[in-house]
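Please open the structure in a viewer and follow the stops below in order. Each stop names a selection and then describes what is found there.

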Amino acid sequence: MMVGIMKMKYLDHGFKIIIETFNMIAKSYIIGVVEDIDLHSITLKNKEGFLIKIEVTSENFVFSDYFIRPKKFSKLSVSKLDIIKIEKRGGVKILFKHGSNDNLLFVTDQCNSSCLMCSQPPKNVDDIEYFYKINNEILSLIPKDIEVIGISGGEPTLLGEKLNLILKRLKLEFPNTRVHILSNGRKFFDKNYVSRLSLDINKLATFGIPLYSDIATIHDYVVQAKNAFYQTAIGLHNAARFGLNIEIRIVITKLNYERLPKLAKYIFMNYPFVEHVAFMGVEYTGFAVVNSELIKVNPDVYMDQLKEAVLFLNSMKINTSIYNLPLCLVHRKLWPFSVKSISDWKQEYSNDCKLCEEVNICGGFFRTSRLKYNNINPILEKKYNE
Amino acid sequence: MKKGIPNKLKSSNGYYYLLPFRFERINQEKEILINEVGDYLICDIGTASKIVNRQIDVKSNFFGELISNYFISKEPIPALLNLLANRYRTKKSFIDNFTGLHIFVLTLRCNHLCHYCQVSRKNEKNELFDMQYENIDLSINLMFKTPSVAITMEFQGGEPLLVFNKIKYSIERVKKLNKIHNKKINYVICTNLTLVNDEILTYCLDNDILISTSLDGPKNIHDENRLRSNGPSYESVVNALNFAKKRIPLDRISALMTTTRMALNHPKEIIDSYIENGFNHIFLRAISPYGFAAKNKNKNEYETEKFVEFFKIALDYIIKLNNEGVYFVEDYTALILKKILTPFPIGFVDLQSPSGLINGVVVYNYDGYVYASDEARMLAESGDYSFRLGKISDNYNDLFYGEKAKEISENGSLEALPGCSECAFQVYCGADPIRNYVSQGDTVGYRPTSNHCFKNKSIISHIINLINDGRNNENEIFRSWI
Ligand code: SF4
Ligand code: SF4
């Protein structure tokens with residue numbers, strides 16, 4: 001297939017525009033750093049250093065497979081130095097937001113668990129190779145001094161050797177970057193696997209691993225996988241043994257909220273080596289919507305348990321945070337633990353929030369969430385005593 | 001399975017297996033179950049019996065809780081056995097380091113005449129009771145042989161400041177030798193403070209030496225207990241304390257109190273006097289049955305029961321103070337709490353099993369011999385050399401792993417002592433074969449009449465009741481202590 005696009009080479013004195021045709025059969029997308037952007041086009045620089053100009057136009061008027069539909073363009077909040085992927089026939093996706101601390105390498109849609117409140121339901125597709133290529137391109141394009149980068153899926157450990165390769169690359173090329181990997185930790189059950197991983201990983205890397213209950217059957221039910229609790233429990237100890245940094249992530253649902261204080265104690269007694277524990281509100285999308293009957297619980301219902309759990313861990317000197325909950329629904333004593341955790345592009349505030357004094361420190365809620373909180377209660381007085 | 005629609009996971013039901021755990025009634029309604037690594041569950045009376053009789057509903061959360069906390073298992077070999085093993089290893093990791101506390105008794109001379117004195121002090125001028133330089137050198141060599149990377153070198157007496165030149169000599173020598181050994185060394189001087197001066201305090205400050213002194217409470221109690229050869233000592237201690245506080249930070253000074261019969265009636269006054277003197281913690285220590293304390297039976301023999309009562313009142317008062325915003329810690333409680341509430345071991349030699357003798361502490365005595373503990377050298381002062389490991393000039397292996405050491409360790413594990421082996425509080429308690437020997441005639445001892453056992457059992461059970469009750473913020477306060 002012949003594709004005619006403008007291909008420009010950056011030279012010291014400016015662009016040399018080579019209008020040429022070249023073969024793009026192998027790839028169905030172009031990835032590059034946004035060099036320039038105006039109302040009619042985006043100019044990308046790909047990893048070979050070529051500048052590629054993509055036009056904003058409707059399908060009928062293009063002479064290239066690569067273009068951006070005007071409708072998509074108007075919704076796209078892309079800025080210079082972002083990394084984007086242009087797909088054939090008009091698709092466009094931001095892969096990396098310049099200056100954001102929320103960038104991640106998405107490695108697969110597959111997962112060996114199937115959590116009842118998964119916001120990104122796993123797909124049984126053979127996509128590892130596809131994402132692996134994309135992620136390697138991203139790694140070639142991003143600045144070497146970025147502070148933090150995430151790795152997420154799906155379940156990253158399903159990548160096998162390819163995860164080691166990505167981690168090795170990060171370790172070599174980004175020695176000062178904090179790598180944050182979201183994994184269910186079940187694979188860590190295999191200590192040889194962990195031992196190899198520990199060799200390939202940068203010292204600043206952290207694994208965020210979910211543990212939903214101190215009771216095996218509850219955890220297994222939430223993640224819909226038998227023996228998951230045991231695998232993760234042993235996995236956590238293997239991880240500690242080989243020096244991996246661990247964060248425990250607890251999504252709060254109707255199924256586990258009652259035992260949060262017991263879970264906190266269980267974590268401290270059995271996994272005191274964790275460097276962080278995060279309690280998280282649900283993003284009601286994906287499976288969480290399908291299963292909302294089963295899992296939905298309002299923050300005011302579990303606030304006492306959450307308070308006890310968080311204050312306990314804090315008093316035991318375990319770094320603890322609360323993610324994804326609007327500040328007005330969180331007990332005041334827990335405000336110091338509340339983190340503005342929702343990515344800016346997913347973040348939303350309600351009309352009431354305009355009145356709120358704390359809107360700057362509140363993370364708001366998920367724009368993507370299908371079930372909204374009905375008791376948002378703007379904070380009108382900053383200094384208010386308990 | 002339809003996408004995203006939950007599956008009920010099959011639960012295996014039926015039989016379950018017991019893992020080692022112990023239990024004890026703590027009040028009229030509750031009993032406590034404690035597992036091999038100190039995790040506890042406080043339940044209704046009768047729960048242990050239900051567990052053992054396989055009457056726990058396998059579908060209940062309590063069943064899951066028993067599994068996660070290593071009380072029972074669905075399989076003959078528990079799925080999380082490795083976790084339990086790691087936990088056990090952690091709890092017992094104090095043994096890995098072997099001897100951490102090295103006590104140097106550089107002199108037996110003292111300028112005080114405390115009636116409960118645990119070492120029979122000698123006249124302040126008689127230099128026969130000082131350690132020879134040669135023995136100091138040899139002791140330091142032995143100390144450096146310990147595998148422990150962190151060691152504490154503690155100078156006791158007598159009154160060690162009577163031979164401050166020898167303290168200085170020892171520390172300077174250790175500092176030089178440590179260039180090869182690279183250990184982390186803490187220094188402590190136990191002193192009645194009456195001899196401190198600018199030179200000594202500057203030296204302590206420069207070398208980050210911790211000063212440990214004795215303060216028995218307010219003037220009337222302190223003076224009753226602690227006489228100087230030339231009269232009462234309270235004024236001089238407090239003056240010295242104030243003098244010292246101006247020169248070194250207060251967290252480098254600590255005070256120890258000994259509870260005598262007179263003190264028993266004044267828990268609050270004693271604590272107040274600690275606060276007045278700027279301390280934020282106290283170690284409520286029962287008098288020990290050694291040395292002068294053993295001889296002065298009339299004056300000091302009070303029933304342990306009374307001490308336990310005193311302890312409870314004092315602890316209540318301390319909790320009240322904490323609730324009023326005064327951060328103040330009772331150290332013995334804090335040590336036990338750390339054993340109950342955390343997965344970590346503690347470095348306190350009296351609450352360990354295997355016992356802290358030799359494993360945790362050893363004494364190089366002015367007389368040229370090595371002893372298994374502070375108490376062992378006090379026994380020697382009354383002519384009983386049962387726990388003398390050998391001469392300072394002997395070789396390390398013969399002293400630390402020799403026949404005597406083996407003999408002592410024989411009865412040094414609660415796990416293997418009658419009474420203790422099935423005691424619920426075993427994980428929170430400690431073995432002390434020398435104390436058994438002194439108070440009951442042999443190193444095994446007999447728990448039903450043991451004061452040491454009574455004291456620990458009562459205190460541990462009291463602390464557990466406070467944790468269970470928690471109505472005065474005990475749980476928050478306790479957590480702030482550990
Ligand atoms: S009113 Fe809005 S901005 Fe204020 S705390 Fe609640 S959610 Fe946050
Ligand atoms: S000494 Fe007493 S309290 Fe301590 S373990 Fe033995 S029996 Fe239990």
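The model on display is a predicted one. Begin by selecting B:Ile95, which lies in the loop of chain B between helix H3 (81–91) and strand S6 (101–105).

Next, display chain A together with chain B. The contact involves 35 residues of chain A and 30 residues of chain B. About 2700 Å² is buried between the two chains, with 61% of this area on carbon and sulfur atoms.

How many salt bridges are counted between chain B and chain A? The count is 2. To view a salt bridge, select B:Glu65 and A:Lys262, whose side chains meet at 2.7 Å, N to O.

Now colour the helices of chain B. Helix H2 (61–68), H3 and helix H13 (331–341) each contribute at least two residues to the side of chain B that touches chain A. The largest share, 5 residues, belongs to H2(B). By class, this side of chain B comprises 15 nonpolar, 7 polar and 8 charged residues.

Finally, select ligand 2. Around ligand 2 are B:Gly419, B:Cys420, B:Cys423, B:Gln426, B:Cys429, B:Arg447 and B:Cys453. This shell divides into 4 nonpolar, 2 polar and 1 charged residues.

Notes
Residues numbered from 1 in each chain as written. Chains lettered and ligands numbered in written order. Predicted model: local features only at pLDDT ≥ 70, side-chain atom pairs only at ≥ 80, totals over all residues. Heavy atoms only, no water. Near = heavy atom within 4 Å. Nonpolar A, V, L, I, M, F, W, Y, C, P; charged D, E, K, R; others polar. Helix = DSSP H or I, 4+ residues; strand = E, 2+ residues; numbered from the N terminus. Contact = heavy atoms within 4.5 Å. Buried area = accessible area lost by both parts, 1.4 Å probe. Salt bridge = Lys/Arg side-chain N within 4 Å of Asp/Glu carboxyl O.
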